[in-house]
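Here is a short briefing on a structure. Look over the sequence and the model, then read on.

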Amino acid sequence: MEYLSTDKILIIDLNAAEVEEEDLDETLVKEKIGGIGMTTYLYDKYKEEDPIVIGTGLLTGTTYPASASGQITAKSPVTGKVCHCPVIYKLGVEIKYAGFDYIVVKGRSESPVYLWIHDGVADISDAADLWGKDVWEATDELRKFVGDDLLQTMLIGPAGENGSDYAQVCYNHWNSPDRFGFGKLFGSRNLKGFAFRGMGLIEVAEPEDYVERSLEILKEVKENKFLGKKGLAPILTALGEEGVDEWIDPVTHRHSADYFTPYASNTALFLDEDPGLLEESKKEEPGVLVSDLYALLGFKNSGFSAKDAGSALKACAKYGIDPFAVAKLSGKTTLEEITASFDSISGEITIPGRGIFSPWCPAGPVFNDFGLAGEDGTIAWWERRQAVSMIFGIQPMFSLMCPELTEENMLELASLGTDIELTRETLDAVVDTILG
Amino acid sequence: MGIKINALKCTNCMACEMVCSYHRDDGFAFLSACIVAYRARERKDYFGVLLKEDDVLIVARPEGLEINKIGEEADPDKEADASAKPMLLREGCDLCEDMDDYGPMCVAFCPADAIELD
């Protein structure tokens with residue numbers, strides 16, 4: 001596969017401590033397109049070995065707006081379903097530029113390991129010194145060891161090592177959209193996680209046309225009035241929640257965006273520092289970056305101040321546990337009680353529709369109505385939108401905001417980028433396979 | 001004429017970095033960009049933009065612009081950023097002089113309108 005691709009699939013066998021590479025066959029791209037089209041195919045191919053499959057979308061890491069996302073596809077140890085967790089921030093892009101479109105992890109290591117993927121090379125590395133460390137400690141240690149603060153990590157914390165049903169795979173220091181207990185899955189394989197870094201080059205079949213169309217689409221996207229807003233609070237307000245701004249403003253520092261994503265949906269809260277500070281804080285841990293709407297809302301609705309909610313979210317990120325589950329199921333109302341409850345939480349989280357996409361994303365449109373009518377239709381629309389976003393690698397929250405990112409222009413750019421004619425019929429078939 | 005950066009508008013999305021490198025490489029990469037989103041202080045939520053011109057390195061910090069002449073000794077009170085290291089080896093900004101349809105790519109593609117032509 002020559003274009004929009006590293007042309008490589010990585011197969012890691014933890015039982016045998018062996019790493020193999022396969023070429024990405026263009027025929028597969030013609031049939032499965034990419035992203036969760038491919039990770040679902042790879043999951044099925046290695047199904048007997050219950051694999052964890054990491055992937056990137058066909059457009060991930062390009063100039064198509066919001067082409068930020070990667071994916072983790074695996075069987076949830078909690079629900080028993082094959083689920084797809086978005087990879088957000090800058091991590092999805094780093095996976096592709098580290099040299100692999102897809103990574104299949106089979107088996108279980110005899111002792112703790114992490115996978116160090118960099119510039120087209122993959123190593124299974126001893127994680128004895130990382131096991132037992134929280135997500136922040138482990139991320140910092142890996143960055144220090146490699147000597148690169150831009151190293152991107154996908155790690156578990158104590159929750160995953162201890163086998164919690166609510167253990168998350170975290171991204172860098174932060175919580176992730178994992179509502180499937182993938183952290184528990186990593187822990188059960190003695191897999192602390194991944195470190196990614198790469199400076200690859202992705203070729204494009206028709207670069208000038210691809211970039212020109214990307215800019216035209218971006219200009220259409222920027223016509224949206226909601227792009228004058230930033231952060232999680234306006235999203236919650238648009239979803240009908242009241243009083244979020246007043247609650248969160250006193251601790252809000254800045255908002256940041258995932259790769260090439262026009263809406264800054266990550267909100268940093270300063271907990272131990274002046275939120276109005278413009279200079280670099282001299283404190284090592286001034287706050288926490290929050291991407292999880294419903295975890296934030298859960299703590300708010302439990303009566304937490306925004307500062308205490310931020311502290312709870314930070315504790316969850318360090319422990320590597322789903323903060324939404326903690327807010328919803330712990331029944332605790334103080335920070336001390338929350339942190340003491342991490343290993344004893346029980347209960348069920350409802351996942352809409354078929355239960356294969358993360359309810360980290362709102363189960364419907366945000367800011368724009370997309371012309372939808374009726375709740376039944378909304379869930380079906382949401383599942384298709386999530387599937388399509390994660391086939392092409394589009395940030396799945398932003399795709400719920402922005403009707404200008406159409407299936408037609410995703411297909412058009414994918415065809416321009418690869419020189420493969422990808423049709424709606426192919427996309428429909430891939431979505432049907434994913435949705436079963 | 002030059003590039004003007006408003007670091008307070010920047011959302012650290014790296015679009016500038018990608019399109020700048022595209023202008024050099026005719027493919028998608030980050031390796032050749034003369035403008036980068038610096039993001040190594042992630043835990044402190046401290047980010048902005050670095051721009052290399054021919055003989056100066058412009059650091060657009062949230063608290064204001066800093067212009068460093070390349071070759072002069074760095075301010076010992078300010079810790080160097082990991083993103084700055086490879087910048088000094090890269091070509092300086094040419095305002096995308098060969099991109100007739102766009103002008104500077106970072107200006108055209110910035111989703112947050114944080115980069116302008118001055």
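Is Cys96(B) buried or exposed? Cys96(B) is buried, because 20 other C-beta atoms lie within 10 Å. Buried means 20 or more other C-beta atoms within 10 Å of the residue's own, exposed means 12 or fewer, and partly exposed lies in between, with C-beta atoms placed from the backbone.

This is a predicted model, in which local features need pLDDT of at least 70 and side-chain atom pairs count only at pLDDT 80 or more, while totals for chains, interfaces and linings use all residues. Residues are numbered from 1 along each chain as its sequence is written, and chains are lettered from A and ligands numbered from 1 in the order in which they are written.

**Chain B layout**

- Chain B has three helices and six strands. Helices (H or I, at least four residues) and strands (E, at least two) are DSSP runs, numbered from the N terminus.
- The order from the N terminus is β-α-β-β-β-β-α-α-β.
- Chain B has 118 residues, and 48% of them count as buried.
- Among contacts in chain B with a separation of 6 or more, 54% join residues 24 or more positions apart. Two residues are in contact if their C-beta atoms, placed from the backbone, lie within 7 Å.

**Nonpolar core**

- The largest nonpolar core holds 185 residues, and Cys16(B), Ile35(B), Val49(B) and Cys106(B) touch the most other members. Helix H11 (residues 306-319) of chain A gives the most to this core, seven residues.
- Such a core is a set of buried Ala, Val, Leu, Ile, Met, Phe, Trp, Tyr and Cys residues joined through C-beta atoms within 7 Å.
- Leaving aside residues up to four places away in sequence, Cys16(B) touches Ile35(B), Ala37(B), Val49(B), Cys106(B), Phe109(B), Cys110(B) and Ile115(B).

**Contact between the chains**

- Chain B puts 30 residues into the contact and chain A puts in 41 residues.
- On chain B, helix H1 (15-25), strand S2 (35-41), strand S3 (46-52) and helix H3 (105-109) each supply at least two residues. H1(B) has the largest share, five residues.
- The chain B side has 18 nonpolar, three polar and nine charged residues. Here Ala, Val, Leu, Ile, Met, Phe, Trp, Tyr, Cys and Pro count as nonpolar, Asp, Glu, Lys and Arg as charged, and the others, Gly among them, as polar.

**Positive phi in loops**

- Cys96(B) is not a glycine, yet its phi is positive, near 50 degrees. Cys96(B) sits in the loop between helix H2 (84-87) and H3 of chain B.
- Tyr89(A), also not a glycine, has a positive phi of about 55 degrees. Tyr89(A) lies in the loop between strand S5 (82-87) and helix H3 (91-97) of chain A.
- Tyr89(A) counts as buried because it has 27 C-beta neighbours inside 10 Å.
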